[in-house]
Every structure is written in structure tokens, then in C-alpha cells.
Amino acid sequence: MKGKVIIACIIIICIPLVGVLAQLRVHNLCDETKELVKQAIEDCNNNAPDQTTISSAIELWEKHESFLTSLITHEEVDTVNLSLCSAKALIETGDIEGYYEALNQAIVNIRVVRNFDKPTIRSIF
């Protein structure tokens with residue numbers, strides 16, 4: 001009986017811990033992606049826009065998309081991906097103003113994902 005109580009206590013402690021760790025991971029992914037987008041904006045401001053930075057941001061986001069969608073709605077995660085891909089398409093066509101606007105919209109969308117509802121026992125299960 002004592003062993004079962006200890007196991008139950010460990011499980012109860014682990015649930016919020018997993019939630020906090022997941023939230024920290026989401027924050028880190030959003031921060032990394034946002035930094036890449038900010039670098040793309042800086043490149044744009046320096047009249048040297050380049051696809052490499054935005055492509056890296058898209059790659060990073062898509063690499064972790066399945067993890068993100070396990071905690072956050074697909075719609076919010078897809079909105080970020082769509083804004084990043086839109087920016088890439090605009091730079092490929094040479095629309096610098098549209099590219100700049102799409103990058104700023106991507107930052108707004110990343111902030112929405114970063115500030116998602118805090119994990120609760122209900123959302124974990």
C-alpha cells in the first residue's frame with residue numbers, strides 16, 4: 001500500500017512538471033523562430049533581403065510542428081507557417097514591402113502561439 005501511495009505522488013508531481021517543460025519548449029521554439037524572422041527584417045532594412053533566413057525559420061517551425069500541435073491548436077500553428085511561407089513567396093517575387101509586412105505578421109502570429117493557454121491537467125489528458 002505504501003508503494004502505491006509513493007507511485008501516485010510521483011505521478012501527481014510529474015504531470016505539472018511535464019506541462020511546465022512543454023511550455024518552456026514552446027517558448028524556446030517561438031523565440032528561436034522569432035529571432036530568425038527579426039534577422040530577416042534586419043536584412044530587409046539593410047536593403048539585403050535574403051531567402052536563407054526565412055527558409056531557416058520555416059524549416060525550424062515545420063520540424064517541430066507535430067510537437068506544437070500536440071499542445072496548441074492546429075490553426076494557430078498553421079497560421080505561423082502560412083505567414084512564414086507567404087513571406088518567402090513574396091521575397092521570391094521581389095515584393096519587398098509585402099515581404100516586410102509578412103515578416104511583421106509572422107512575429108505577431110508567433111507571439112500568439114508563444115502565449116498559448118498554460119497547460120493544465122485537463123489539457124494534458
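Colleague: In this predicted model, does Ser 83 count as buried or exposed, and at what relative accessibility?
Modeller: Ser 83 lies in helix α4. A residue counts as buried when its relative accessible area is under 20%. Ser 83 therefore counts as buried, at a relative accessibility of 8%.

Colleague: Which residues does Ser 83 touch, not counting those up to four places away in sequence?
Modeller: The buried residues of α5 have a cover that includes α4, the helix in which Ser 83 lies. Not counting residues up to four places away in sequence, the residues that Ser 83 touches are Ala 102, Ala 106 and Asn 109.

Colleague: Which residues of α5 are buried?
Modeller: Helix α5 comprises residues 96-114. What covers its buried residues includes α1, α2 (51-63) and α4 (74-93). The buried residues in α5 are Gly 98, Tyr 99, Ala 102, Leu 103, Ala 106, Ile 107, Asn 109, Ile 110 and Val 113.

Colleague: How far apart are the end C-alpha atoms of α5?
Modeller: The expected span of a helix is 1.5 Å times one less than its number of residues. Helix α5 has 19 residues, so the span should be 27 Å. The model agrees with this expectation, since the end C-alpha atoms of α5 are separated by 27 Å.

Colleague: Is Glu 97 buried or exposed, and at what relative accessibility?
Modeller: Glu 97 lies in helix α5. The class exposed requires a relative accessible area over 50%. Glu 97 therefore counts as exposed, with a relative accessibility of 63%.

Colleague: What distance separates the C-alpha atoms of Glu 97 and Gly 3?
Modeller: Glu 97 belongs to helix α5, and 94 residues in sequence lie between the positions of Glu 97 and Gly 3. For Ser 83 and Glu 97, which are 14 residues apart along the chain, the C-alpha separation is 14 Å. For Glu 97 and Gly 3, the C-alpha to C-alpha distance is 64 Å.

Colleague: Which residues does Trp 61 touch, leaving out those up to four places away in sequence?
Modeller: Trp 61 lies in helix α2 and is buried, with a relative accessible area of 1%. Not counting residues up to four places away in sequence, Trp 61 touches Cys 30, Thr 33, Leu 68, Val 77, Val 80, Asn 81, Leu 84 and Val 113.

Colleague: With which residues is Asn 81 in contact, leaving aside its neighbours within four places in sequence?
Modeller: Asn 81 is placed in helix α4. At 13% relative accessibility, Asn 81 counts as buried. Leaving aside neighbours within four places in sequence, the contacts of Asn 81 are Ile 58, Trp 61, Glu 62 and Glu 65.

Colleague: Which residue forms a salt bridge with Asp 31?
Modeller: A search of the whole structure finds 1 salt bridge. In that of Asp 31, the closest N and O atoms are 2.8 Å apart. The pair links distant parts of the chain, 83 residues apart, with Asp 31 in helix α1 and its partner in helix α5. At 27% relative accessibility Asp 31 counts as partly exposed, and at 23% so does its partner, Arg 114.

Colleague: How many disulfides does a search of the whole structure find?
Modeller: A disulfide requires two cysteine sulfur atoms within 2.5 Å. The sulfur of Cys 14 is 11 Å from the closest cysteine sulfur, in Cys 9, which is too far for a bond. The sulfur of Cys 30 is likewise too far for a bond, with the closest cysteine sulfur, in Cys 85, at 16 Å. The number of disulfides found in the whole structure is 0.

Colleague: What is the relative accessible area of Cys 30?
Modeller: Cys 30 is among the residues that Trp 61 touches. Another cysteine, Cys 14 in helix α1, counts as partly exposed at 35% relative accessibility. Cys 30 is buried, with a relative accessible area of 0%.

Notes:
Residues are numbered from 1 along each chain as its sequence is written. This is a predicted model: local features need pLDDT of at least 70, side-chain atom pairs count only at pLDDT 80 or more; totals for chains, interfaces and linings use all residues. Side-chain values use heavy atoms; hydrogens and water are left out. A salt bridge is a side-chain nitrogen of Lys or Arg within 4 Å of a carboxyl oxygen of Asp or Glu. Helices (H or I, at least four residues) and strands (E, at least two) are DSSP runs, numbered from the N terminus. Buried means under 20% relative accessible area, exposed over 50%, partly exposed in between (1.4 Å probe, protein chains only). Contact means heavy atoms within 4.5 Å.
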